[in-house]
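Hi,

Here is the structure I promised to pass on to you.

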Amino acid sequence: MQKKIEERHKKITHIQNTIWEIYKTFLNNHDMAEYNQRWTELMEQYRNRADEELFSFCKCQFITWEPIIRMFGAEFRNTSD
């Protein structure tokens with residue numbers, strides 16, 4: 001049982017670290033297309049796995065981040081005009 005917990009922990013860590021990297025990159029380059037592509041790639045990594053909870057976790061994180069990214073996106077568009 002401990003091994004299964006450790007494996008899930010590693011996957012959750014990977015998801016969270018990837019999300020943070022996607023976010024930091026977006027703050028630097030303001031590229032919404034790249035942001036969405038990287039999220040798609042992350043979710044694809046977990047879509048076909050037997051552990052549905054991790055895919056659900058990715059989807060929920062994406063939904064949670066969406067208003068924040070939309071807010072920053074609007075700010076970036078306003079400052080670049």
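Below is what I found in it, topic by topic.

First, the ground rules. This is a predicted model, so local features need a pLDDT of at least 70 and side-chain atom pairs count only at pLDDT 80 or more, while totals for chains, interfaces and linings use all residues. Residues are numbered from 1 along each chain as its sequence is written, and side-chain values use heavy atoms, with hydrogens and water left out.

On confidence: pLDDT is the predictor's confidence in each residue, from 0 to 100. The chain averages 92, and 98% of the residues score at least 70. Helices here are DSSP runs (H or I, at least four residues), numbered from the N terminus.

Now the core. I use "nonpolar core" for a set of buried Ala, Val, Leu, Ile, Met, Phe, Trp, Tyr and Cys residues joined through side-chain atoms within 4.5 Å. Buried means under 20% relative accessible area, exposed means over 50%, and partly exposed is in between (1.4 Å probe, protein chains only). The largest such core has 16 residues, and the members that touch the most others are Ile15, Tyr35, Trp39, Leu42, Tyr46 and Trp65. Helices H1 (2-29), H2 (32-47) and H3 (52-80) each supply at least two residues of this core, with H3 giving the most, six residues. As for Tyr35, leaving out residues up to four places away in sequence, it touches Ile22, Phe26, Phe62, Trp65 and Ile69 (contact means heavy atoms within 4.5 Å).

Rings of Phe, Tyr and Trp (its six-membered ring) pair if their centres lie within 6.5 Å; planes under 30 degrees apart count as stacked, over 60 as edge-to-face and the rest as tilted. The structure holds eight aromatic pairs. In one of them, Phe72 and Phe76 have ring centres 6.0 Å apart and planes at 20°, so this pair is stacked. Both residues lie in helix H3, four residues apart, which is about one turn of the helix. Phe72 is partly exposed at 23% relative accessible area, whereas Phe76 is buried at 17%. Phe72 and Phe76 also belong to one aromatic cluster with Trp20, Tyr23, Phe26, Tyr35, Trp39, Phe62 and Trp65.

Which partners does the side chain of Thr25 reach? One is the backbone oxygen of Glu21, at 2.9 Å, and another is the side chain of Arg38, through a polar contact of 3.0 Å. (A polar contact is a pair of N or O atoms within 3.5 Å; within protein, one must be able to donate a hydrogen and the other to accept it, and residues adjacent in sequence count only if both atoms are side-chain atoms.) Not counting residues up to four places away in sequence, Thr25 touches His30, Glu34 and Arg38.

That brings us to His30, which sits in the loop between H1 and H2. Its phi is near 60°, a positive value in a residue other than glycine. Most residues other than glycine have a negative phi. His30 is partly exposed, at 38% relative accessibility.

Cys58 is buried at 0% relative accessibility, while Cys60 is partly exposed at 42%.

Last, take a look at Gln61 in helix H3. Gln61 is buried, with 17% relative accessibility. Apart from neighbours within four places in sequence, Gln61 is in contact with Gln16, Ile19 and Trp39.

Best wishes
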